[in-house]
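Colleague: I would like to learn how to read a protein model feature by feature. Could we go slowly, with the general idea before each case?

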Amino acid sequence: MASYSVAELAKLETFPPELTISGHLVWNSPATIDFNSPGAQGFGVKRAGLTIPGSLMLLISPAACGRNTNALSGPGQYGERFAYLELTSTDIVTGSHLSKIPEAARLFLASRKERPSCLLLCTTCVDALLGTDMERICRKVEDIIDVPVRPCYMYALTRESLHPPMVHVRETIYSLLQPRKKDPRAVNLLGFFSPIDEHSELFHLLHAIGIRTIRQISTYKTYEDFQRMAEANFNLVLNPEALPAAEALATRLKIPYITLDRFYTPGRIHKQYQALAKTLQKDILDAPHYEATKDMIQQLRGRLTNSGAAGVFPQKFLNPKDLLFLGECPRCPASTQKLRDHAITIALGSRLNAQPLELALLLLSCGCRVTEIFTTLAPSDRYYLRLLAETSPDTRIYGNLSPSLASFDPSHPPTLTLGADAAVYYPDTPNIPWNDERQPFGYAAVKRLLNEISTLLERNQKP
């Protein structure tokens with residue numbers, strides 16, 4: 001069973017192939033949790049494309065590739081917005097299905113009572129292997145049905161490419177926006193297909209600097225409302241997968257963009273808000289949220305480690321490295337032993353609304369001990385691995401791509417687990433999935449998560 005300590009991984013120039021999707025995609029436990037295909041639950045390519053209000057989707061695929069879409073049908077779901085063009089073996093070998101697409105699209109629209117806002121032609125790895133020019137086919141179909149037609153690529157083969165499916169689908173969605181007069185007090189939040197938690201301080205901070213309208217595609221019911229996103233004075237990119245879409249909007253519609261990442265270490269959140277303030281040349285007063293979050297961490301740490309108020313926050317608290325252990329030296333054997341003797345132990349999965357390695361830093365600062373993390377690794381993880389190697393060198397990283405994890409031994413469970421996949425490995429351990437569709441962001445995300453951890457621990461301590 002492939003696992004490495006963070007100390008071992010931090011020393012390596014290249015990650016072991018069994019910890020990377022591009023090197024060892026044999027069995028993917030997070031995808032298995034989502035009923036084989038990530039598109040069958042949560043937001044995969046198909047459901048993401050249908051966030052466009054009034055859109056329809058024609059799924060062009062063999063039966064095996066399309067079967068999981070059935071999980072999206074049913075009351076209140078998307079089943080009535082799908083149609084299928086099933087590919088036969090002859091189609092797959094010869095590409096003869098390409099000539100059937102225009103007529104299939106015409107019949108699909110003719111069966112609808114209302115005219116759709118657009119039609120998405122969703123293709124699978126078959127067309128990736130055939131090298132199908134879907135842009136040309138979309139133009140041909142558009143001439144016939146007289147509504148916007150866009151390609152939607154469900155290409156699992158390209159997940160690790162420079163242009164993976166979830167990046168492309170975001171570009172597809174926002175390519176439909178048409179030029180509009182700019183509103184200097186409007187901004188778009190790009191990156192997620194479900195709304196940001198309404199309790200996030202991000203909304204308050206934006207309103208405080210004069211932003212009146214904050215738009216998210218997930219909140220719109222009509223195509224006209226969606227089109228008003230083209231009025232934005234700038235875009236805030238909250239997920240790196242939306243960056244190419246933002247770049248395209250900057251070129252085509254002259255809407256500039258600023259990136260904000262989702263962090264859980266308060267020092268990084270604060271530093272990011274101050275960078276945003278500098279870019280916008282506005283005063284963003286996040287200090288009350290910042291101080292309240294630090295206080296909450298300090299209080300939780302005191303309860304978990306019986307250390308009272310021993311931990312002292314550094315004055316600046318900007319560097320995530322400053323956050324760890326709240327003033328106790330992570331290299332000091334005494335403080336490390338104290339942590340091991342008293343800490344709550346946590347196992348982290350990757351099926352959650354967080355970057356698991358970065359989230360581990362927050363948990364360590366609260367006085368918890370992170371025993372293991374089930375995840376895959378990317379080059380961007382090196383920074384967090386170096387920090388974890390200094391503060392929790394024994395934390396083990398399990399690659400969740402190996403079939404051996406199907407027989408993972410849960411005989412030494414942690415106190416609790418975080419992430420839907422971690423719950424699979426430790427089925428009898430209290431779990432916080434932390435992967436609901438309401439997207440946590442900013443200080444509010446940290447406080448809500450710590451509240452859930454505190455509540456879960458108190459509930460399980462009662463007789």
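Modeller: Let us begin with the elements: helices (H or I, at least four residues) and strands (E, at least two) are DSSP runs, numbered from the N terminus. By that rule Ile 373 lies in strand β11, which covers residues 369-374. Please keep in mind that this is a predicted model, in which local features need pLDDT of at least 70 and side-chain atom pairs count only at pLDDT 80 or more, while totals for chains, interfaces and linings use all residues. Residues are numbered from 1 along each chain as its sequence is written, and side-chain values use heavy atoms, with hydrogens and water left out.

Colleague: How many helices and strands does the protein have?

Modeller: The secondary structure comes to 21 helices and 14 strands.

Colleague: Is Ile 373 buried or exposed?

Modeller: A residue is called buried under 20% relative accessible area, exposed over 50%, and partly exposed in between, using a 1.4 Å probe and protein chains only. Ile 373 counts as buried because its relative accessibility is 0%. Across the protein, buried residues make up 54% of the 463 residues.

Colleague: Which residues does Ile 373 touch?

Modeller: Contact means heavy atoms within 4.5 Å. Leaving aside residues up to four places away in sequence, Ile 373 touches Leu 348, Pro 356, Leu 357, Ala 360, Leu 388, Thr 395, Arg 396, Ile 397 and Tyr 398. Sequence distance and spatial distance are separate things to read: Ile 373 and Val 6 are 367 residues apart in sequence, yet their C-alpha atoms are 9.7 Å apart in space. For the protein as a whole, among contacts with a separation of 6 or more, 72% join residues 24 or more positions apart.

Colleague: How do I read the way strands are joined, and what is the bridge partner of Ile 373 in β12?

Modeller: Strands of a sheet pair through backbone hydrogen bonds, either parallel or antiparallel. Here two strands are taken to pair if DSSP finds at least two bridges between them. Strand β11 runs parallel to strand β12 (residues 396-398), with three bridges joining them, and the partner of Ile 373 in β12 is Ile 397. Both strands belong to an open sheet of six strands with mixed pairing, in the order β1-β12-β11-β10-β13-β14. Its edge strands, each pairing on one side only, are β1 (3-5) and β14 (431-432).

Colleague: Which residues of β2 point one way, and which the other?

Modeller: In a regular strand the side chains alternate between the two faces of the sheet. In β2, Ser 55, Met 57, Leu 59 and Ser 61 point one way, whereas Leu 56, Leu 58 and Ile 60 point the other way, and all are buried. That strand, residues 55-61, is mostly covered, with seven of its seven residues buried. It pairs in the parallel sense with strand β4 (residues 118-123) over six bridges, where the partner of Ser 55 is Cys 118. Five bridges also join β2 to strand β3 (residues 82-86), again in parallel, and there Ser 61 has Glu 86 as its partner.

Colleague: Which residues touch the most other members of the largest nonpolar core?

Modeller: In soluble globular proteins, nonpolar side chains tend to be buried together. A nonpolar core is a set of buried Ala, Val, Leu, Ile, Met, Phe, Trp, Tyr and Cys residues joined through side-chain atoms within 4.5 Å. The largest has 67 residues, and Leu 236, Leu 359 and Leu 418 touch the most other members. Helix α21 (residues 443-461) gives the most to this core, with eight residues. Apart from it lies another core, of 33 residues, including Met 154 and Val 169.

Colleague: How many aromatic pairs are there?

Modeller: Rings of Phe, Tyr and Trp (its six-membered ring) pair if their centres lie within 6.5 Å; planes under 30 degrees apart count as stacked, over 60 as edge-to-face and the rest as tilted. The count comes to 10 aromatic pairs. One of them is the tilted pair of Tyr 290 and Tyr 443, at 6.2 Å centre to centre with 35 degrees between the planes. This pair links distant parts of the chain, with Tyr 290 in helix α15 (residues 287-305) and Tyr 443 in helix α21, 153 residues apart. Tyr 290 counts as buried because its relative accessibility is 4%, and Tyr 443 counts as buried at 0%.
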